[in-house]
Structures are given as C-alpha cells and as structure tokens.
Amino acid sequence: MAENMETQRSETKTACAYIRVSTDKQDELSPDAQKRLLLEYAKRNSIFIQNEFIFIENAISGKKADKRPTFMKMIGLAKSKEHPFDIILVWKFSRFARNQEESIVYKSLLKKNNVDVVSISEPLIDGPFGSLIERIIEWMDEYYSIRLSGEVIRGMTEKALRGGYQSPPPLGYRMNKELKIAYIMDEEAQLVRKIYNEYAYNGKSFLEIARQINILGYKTRRGKAFEQRTIRYILENPFYIGKVRWNRQNHTTHAIKNKSEWIIADAPHEKIIDDALFNLVQEQIKGRTRPYKSRSTSSINHWLVGIVRCSTCGHTLLACTNGKHDGTFYFQCGAYNKGSCNESHAIKSTKLEESVFEAFEKVLNTDDLKYKIRQNNNNNNNNNNNNNNCNNDNNCNNDNNGSNDASHNLILLNHQLKKLSDKELRIKQVYRDGIDTLEEYKENKKLLQVERTQLIEQIDKTTNTAAYKEEVFSEIHNVYDIIKDEKYDIRTRGNALRSVVRNIVYDKVNDTLTVYFYIAQ
C-alpha cells in the first residue's frame, strides 16, 4: 500500500499558475475566472499548485517582459536550483507573452530548466507539427496586439481632436465625473496664475519660482515639493488656455516628440490663463532657453564672459588673451569681431573688473538706496526689463508689477496661515477621538509651530520694506566678497555674479558701465 502511494505521488507534477489581465479593453477572462479554470485543469490532470505559486498581474501589457515584475519573479524561480515547479499553466499563450520573440526566448530558457509552458485552452500535439502550431499562435497573438495598439491610438487621436481628455487634469483643475468636464479649483488656480505672473512679468526662472512657492508651503498634486521641471510643465501646458494636448511624448522612451506630431485641440473647460499671457510666456521661454552648446560657467575663460553686453548692438563681449600668456584678457564685442557691429568696445579685463567692483561699492556704500516700483510694459528684449535694476548712479528700480506681487504674496501667505489653524483643529480632534497618542499630538503641534513661525517670518519680510532692503544689501555684499577674492575659481565667481546680476552694459563712447541687478524674492 505504501509503495502504491509513493508511485502515485511521483506521478503528480508541480506547477505554477500565471494569470494576466491586459491594460486594453479586449475580450478576456477576469483574474478570478482564469484562476478557477487553471485550478480545475490542474486537478483533472493530477497537477499540484501551491497558493504561493499563483502569480497574478493586473492591467499589465504583455509586450515587454521586463515591464512585468511578477512574470520576471516567476521566471527567476523557475531557473533557481530549488526548481519549485515543472509547468507554467496559462489560460492562453497570449497571457504568457504577446511578443513572439520574447515568447520564444523565455520558453527556450524554461525548456533548458525542464519547465514547460502549457496553455489550457490551446492544446498542442507532440512533435514538429505541434511546434509549428505554437509558432503560428504566437504570431497571431503578436499581430493582434499590434493591430489592437493601432486601433487604440486611432481612437485616442480622434478623441484628442474632439477635445476629449486622455489623462487627469493638471494642477488648478478637478474632473466632474458626471459631466466629464474639468472645472477650476480656485485655490490652485490662484497659484497657477502666480507662477505665470512671476515668470512673465517678474523675470524669475523656473528654479526661482519653484523655491518661492515651496517656501510658501505649497505642494504638488502628489504632495511633493515643486521642481523647475514642474514649473516648466505648468508654463508650457495649453490646458490652462482651454485646450488639450496629446501625443507630445513617447511613452516608452519619455522623449519629447517633434511639435508637428502633437495634437492640440479646443476643450470644453474654462481657462485659468488668458491667451495673451500664455503666448507671452512661450516666447519668453524660447528667448531665455540657453541654446545647445552655448557657453556656460563651466567653460568660460573669465568670470565676466557672457554677462557684459555691447551698448551698441546688445551682443556679449568676448574675452581673448593678448598673446603674452600673462593672464591678461581683452574684451571685445563678438558682433564687432564678425563685422556686424560698427562700434568697437575693446576694454582690458582689469579695467572692466575695476568698473564692476566700483558699481558694487557705490551700491553698498550708500545709505540711501532708492527703490521704486513701476509697471513694466516692455518686452523681454530690453536690457533692463523684468529686473530689479541697480545701476552705478545708485538707483534701484524694480521693473515689474512688484506692488501687486507683494499683495498677491500676502494673500497666499495668509491663506497658508489660515490652513495651519484648520489643521491644528483637525489634529486636536484626532487626539480627542483617541486615534493619536498624546506623544503624537505633541509632535504634530511642534511641527505646526515650526511651519507657523516660517510663514510669519515670510509675512514680516513681505510687509517690511526695511527688512527687504537689508536682505538686498546682504545678498549683494556676499557676492561682492566672492568676486573680489581671487582664491575662488572662475566658475564660482561667475555663478556668484549671475545670482544677483542680470547683465552689464558697457558703453565705450561715453565710458560708462551699467550693472543691472536683480534680487530673487
């Protein structure tokens, strides 16, 4: 009797069950239905499946094996020395793979490890004819996948052309599930408008805006800090002017496609940004983006290169040696060297440096730094627009709608402060309900107090002109100390200068040098 039981046990094979449901809306069985059929097949054929070897992947495409973590885990176990199963059971071969090349590779690999792949709904006969049928099934599965992908893309294209939504709406909107139209979230929309205004009218970079709104305590939709790429995405997204954009990015490589392939169409939702502001921002992004291979501080031969401009044509002054290798440079207008500028702006580097130092000293040594707010109606091509301009006449002009900006900042900061009060009430209620311990409640209160202190400091800074002026002086003084100190390398001095100086204009005819400062708030 014992011998018969041992013989029966040796005839029972072990297997795993692989269950996959695709991302597309094809006609296929649910995971539960596939599992039930696989277990019934195993029982009829004396195949034993342990629960730990039932592998399920939901909403996963079968095109790429390396995109299926559960599949790769199953293959790893099949190749292991433990050899926990002899068979991989699937409902259809298409569940195993929809890419014929990958299907052949992984089946061959499994075969070498004495593991077979069995489709319970597509039985095969032994021999060459059975292998041929299997290859035909794999080819049909791949063809179906390609054809289905094409149909899905065509359907999505038609939807995009009609202004339909392909993904959740961006910051500033929520989706009305009943009407299937995005609607504006006022608080987030206010932040979006601030981002556009800061970039268009205050001349701030993606990074400067990200830092500013992070200080204000705002988070992205996913609860993370803003980054410069997040700001750029917001500024370039036509969703904010009532449009949808599709087919911009390759979903496999994440590379941005040529604009001729994009689909941009009118959509039914309301605008947060008007067309004029959006178009202005797009033009400024083009103008401010550093061209490929343009000179950065990592490759310059003098810390003033790239920031000093010709007063006649606006081109930058380039630095070249005098041929004596004594470390002396001469600056000259790049356009003049090419013949397109008719005014020489040649100047010795030591003289140029001295003039820059004098401009800093005049600003730092005066007790009466003038600061006035004025509306900016100029575009971004002028040397002095969109900056806080401090020249060597000791005038500091903020060429933007700074008064409105300060008022806007105060509104946002006070709103954040109110949100902290609401949050404090919530954590108190959570403690009273017995959800948080006393220690957790104290820790949460401590964190809130830190946030409140930071916000109050920001509010004081925004409303206190004297404090702001002191910060301006401090920032300029720190940079002055760095550019004067020759122990710092060219890149360090160049980066420091660019942190407070937008550009420098040299006028050789009148022998004047104007330094245009800006202070990122």
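## A buried ring

Let's begin with phenylalanine 357, which is buried, with a relative accessible area of 11%. Buried means under 20% relative accessible area, exposed means over 50%, and partly exposed is in between (1.4 Å probe, protein chains only). Tryptophan 303 is buried as well, with a relative accessible area of 2%.

A quick word on what you're looking at. This is a predicted model, in which local features need pLDDT of at least 70 and side-chain atom pairs count only at pLDDT 80 or more, while totals for chains, interfaces and linings use all residues. Residues are numbered from 1 along each chain as its sequence is written, and side-chain values use heavy atoms, with hydrogens and water left out.

## The big picture

The protein has 521 residues, and 40% of them count as buried. Its secondary structure comes to 16 helices and 17 strands. Helices (H or I, at least four residues) and strands (E, at least two) are DSSP runs, numbered from the N terminus.

How much of the contact joins residues at least 24 apart in sequence? Among contacts between residues at least 6 apart, the share is 64%. Contact here means heavy atoms within 4.5 Å.

## Rings that pair up

Searching the whole structure turns up 13 aromatic pairs. In one of them, the ring centres of tryptophan 303 and phenylalanine 357 are 6.0 Å apart and the planes sit at 20°, so this pair is stacked. Tryptophan 303 is in the loop between H10 and strand S9 (308-310), whereas phenylalanine 357 is in helix H12 (residues 349-365), so the pair ties together parts 54 residues apart in sequence. For the cut-offs: rings of Phe, Tyr and Trp (its six-membered ring) pair if their centres lie within 6.5 Å, and planes under 30 degrees apart count as stacked, over 60 as edge-to-face and the rest as tilted.

Elsewhere, Tyr173, Tyr196, Phe239, Tyr240 and Phe278 make up one aromatic cluster.

## Two nonpolar cores

A nonpolar core is a set of buried Ala, Val, Leu, Ile, Met, Phe, Trp, Tyr and Cys residues joined through side-chain atoms within 4.5 Å. The largest one has 41 residues, and the members with the most contacts inside it are Tyr196, Phe226, Ile231, Leu235, Tyr240 and Ile273. H7, helix H8 (206-215), H9, helix H10 (275-288), helix H13 (402-432) and helix H14 (438-463) are the elements that give two or more residues to this core. Which helix provides the largest share? That's H7, with seven residues. A second, separate core has 37 residues, including Val305, Phe331, Leu352 and Val500.

Leaving aside neighbours within four places in sequence, its contacts are Pro170, Leu171, Tyr173, Val192, Tyr196, Ile234, Lys271, Ile272 and Ile273.

## Helix H9 and its partners

Two packed helices are described by the angle between their axes and the distance between the axes. The axes are lines fitted to C-alpha atoms, for helices over the stretch in contact, and angles run from 0 to 180 degrees between N-to-C directions. Take helix H7 (residues 186-201) and helix H9 (residues 228-236): their axes come within 10 Å and cross at roughly 95°. That makes H7 roughly perpendicular to H9. Angles of 65 to 115 degrees count as roughly perpendicular, under 35 as roughly parallel, over 145 as roughly antiparallel and the rest as oblique. Here, Val192, Ile195, Tyr196 and Tyr199 in H7 meet Ile231, Ile234, Leu235 and Glu236 in H9.

What about H10? The axes of H9 and H10 are 9 Å apart, packed at an angle of about 130°, and the two helices are therefore oblique to each other. Arg232, Leu235 and Glu236 of H9 meet Phe278, Val281, Gln282 and Ile285 of H10.

## H8 and glutamine 228

H8 and H9 have axes that come within 8 Å and cross at roughly 105°. H8 is roughly perpendicular to H9 as a result. On the H8 side the contact involves Phe206, Leu207, Ile209, Ala210 and Ile213, and on the H9 side Gln228, Ile231, Arg232 and Leu235. Phe206, Glu208, Ile209, Ala210, Gln212 and Ile213 of H8 are buried. Just after H8, glycine 217 takes a positive phi of about 95°.

Glutamine 228 is found in H9. Is glutamine 228 buried or partly exposed? Glutamine 228 is partly exposed, with a relative accessible area of 43%. Not counting residues up to four places away in sequence, glutamine 228 touches Phe206, Leu207 and Ala210. Its C-alpha atom is separated by 8.0 Å from that of glutamate 208, 20 residues apart along the chain.
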